[in-house]
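Dear colleague,

Please find below the structure that I am handing over to you. My notes on what was found in it follow directly after.

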Amino acid sequence: MKFLRLWIAVGCLVGAEARSQDIAREASDWKPQIPRVWDDAAIASLELPLPSLEHTPKHVPSSYFEAIPTRTIWKSYPVYHPDREPEGYWEWLHEQEPQVAFDPERLKTKADWIEAGERVFRQGGDYSTGSELRLVRTREAFETIGIRVTADGELPYARYVVREKGIVELDQSSCASCHMRVLPDGSLLLGGPGDIPLGPMLAFETRQELREGIDDVPITRDDIDYRFAAVPWLTPDPGDFAVGMSGEELARVFDRLPPGVFVRQRTSYLHPVRTPDLIGVGRRRFLDATGLVHQRSLVDLMRYAALNEGVDELASYNGFRPAADDGKTLPDPKTWVRSSDAQLYALALYLDSLQPPPNPNPFDESARRGRILFEREGCGRCHSGLDYSNQKLVPADGFAPRKEHVERGWVTDVHVGTDPGLTLRTRRGTGYYKIPSLRGVWYRGPFFHDGSLAALEDVFDPRRLEDDYMPTGFRGPKGGQSKRPRARVRVGSLRE
């Protein structure tokens, strides 16, 4: 027995050394394989069609996309709560020289590329010295909005950037601005489901501009605030909700968005979305709550990131181009900016490397009872596999699944009664919702595609199936029950 234990120990050591050698060899042999992102054929088949087939977007051709200038990734610096900023920090920032923080020629290993991908992830390109900068440097904003900071006092949703010595700008338009979370212990989870209070922040900025004398002109159909959420081929058009609104009225709409829920392009003020968890995103067959993007490889994740830099708003929806000045004509590509293929490649590698935080919840007797309930109630029919999702799509009530999607095995025959607004009445709609992963639910929330439930306990509250139930998260800009998921599960039995 001693000999056997010794042999096992030696075998483990030899095995560990061999694995180390394999990893080192793999690292030395690794070479970046940067694909061409805007391949016209791949882009044409990237997204599922809209419920109105004739309005399914036709994205800009590669000749246009590749004529858009690529952005520079600059060295960036933390933003602190006004009471936690190191003494002399603001003055020190003004003395810094601009430094380029992404140079593909200097990236040699996969680890180099992943590290560079984090820098891409944490920097956007919409720089401000105006109201946004003033917002993060005033205590009033933090007190009014309830912005969370890390244990070190850092405001993680924004970064300072120096592109010219003596000028400090604020960047709050990065992927990380939305896709990160401050955990209860004050640590930062990059790539986690967003908890940025974007709605209250926009409301605060809007009111601040009104106080400073910005003309409060009612929104018209010529304004980007309308086109941002418009679906003009529908009656009524969801974008019309904002037409005629004053700045204060729009601010009250933003007030209703809980942290982690926001109105992004191609959604609407009536149908916002929660920010998803990006940890494990490389394993997902479909991206977006509506399954909008079919992810066939990591290159599709790069394409999805490129679209969400705003290029998707240049697409033609049967002649309607939301980001065009006149709603129709493509602007000069030189007036836009995009990430380079190398930057998107680094970003995808970084996202694919993200790992969940350690779960502080033990698998105890209560959890064992929960597993029995999970199995008994048939939850695993949809929530199966490594990520507790069968990676399929659920048709919304009122939508007939497309034959080709059924034949490919993408569609489940389960109907859960989820509010169909996002998937049938926005430009992110497909007629479906994807079955979400249950991995990491302990650190996620709010729940459902619209963030209408604030906590996991609310999902299992039998009262939410009653007609007079008021959602605990997002309630809709009219204050009513426009967002009331009605999943048909026997939630009453879960009270056991």
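Helix α9 (residues 198-211) packs against helix α11 (residues 247-255) at an angle of about 160°, and their axes are 7 Å apart. The model is a predicted one, in which local features need pLDDT of at least 70 and side-chain atom pairs count only at pLDDT 80 or more, while totals for chains, interfaces and linings use all residues. Residues are numbered from 1 along each chain as its sequence is written, and side-chain values use heavy atoms, with hydrogens and water left out.

Helices (H or I, at least four residues) and strands (E, at least two) are DSSP runs, numbered from the N terminus. Axes are lines fitted to C-alpha atoms, for helices over the stretch in contact, and angles run from 0 to 180 degrees between N-to-C directions. Angles under 35 degrees count as roughly parallel, over 145 as roughly antiparallel, 65 to 115 as roughly perpendicular and the rest as oblique. α9 and α11 are therefore roughly antiparallel to each other.

The crossing of α9 and α11 is left-handed (the near helix is turned anticlockwise from the far one by less than a right angle; clockwise would be right-handed). In this contact (heavy atoms within 4.5 Å), α9 contributes G199, P200, L202, A203, T206, R207 and L210, and α11 contributes G247, E248, A251, R252, F254 and D255. These residues divide into six nonpolar, three polar and four charged. Here Ala, Val, Leu, Ile, Met, Phe, Trp, Tyr, Cys and Pro count as nonpolar, Asp, Glu, Lys and Arg as charged, and the others, Gly among them, as polar.

On the α12 side the contact involves L298, L301, M302, A305 and A306, and on the α13 side D341, L344, Y345, L347, A348, L349, L351 and D352. By class, the contact of α12 with α13 has 11 nonpolar, no polar and two charged residues.

The contact of α5 with α13 divides into 12 nonpolar, three polar and two charged residues.

On a 1 Å grid over the protein atoms alone, a cavity is a set of points where a 1.4 Å probe fits but cannot get out, and a pocket is an open set with protein on both sides within 12 Å along at least five of seven lines; lining residues have an atom within 4 Å of a point. Grid points are joined across faces, edges and corners, and a volume is the space filled by probe spheres set on the points.

The second largest pocket holds about 340 Å³ of space. It is lined by 18 residues, of which R148, R181, P184, Y443 and R444 are the closest to its centre. The lining comprises 11 nonpolar, two polar and five charged residues.

There are three cavities of 30 Å³ or more. The largest cavity has a volume of about 50 Å³, and its lining consists of V394, P395, A396, D397, V416, G417, T418 and Y433.

Finally, some backbone features deserve mention. Most residues other than glycine have a negative phi, and most peptide bonds are trans. T235 and P236 are joined by a cis peptide bond with omega of about 0°, and P236 lies in the loop between α10 (224-227) and α11. The peptide bond from G445 to P446 is also cis, with omega near 5°. R266, a residue other than glycine, has a positive phi near 80°.

With kind regards
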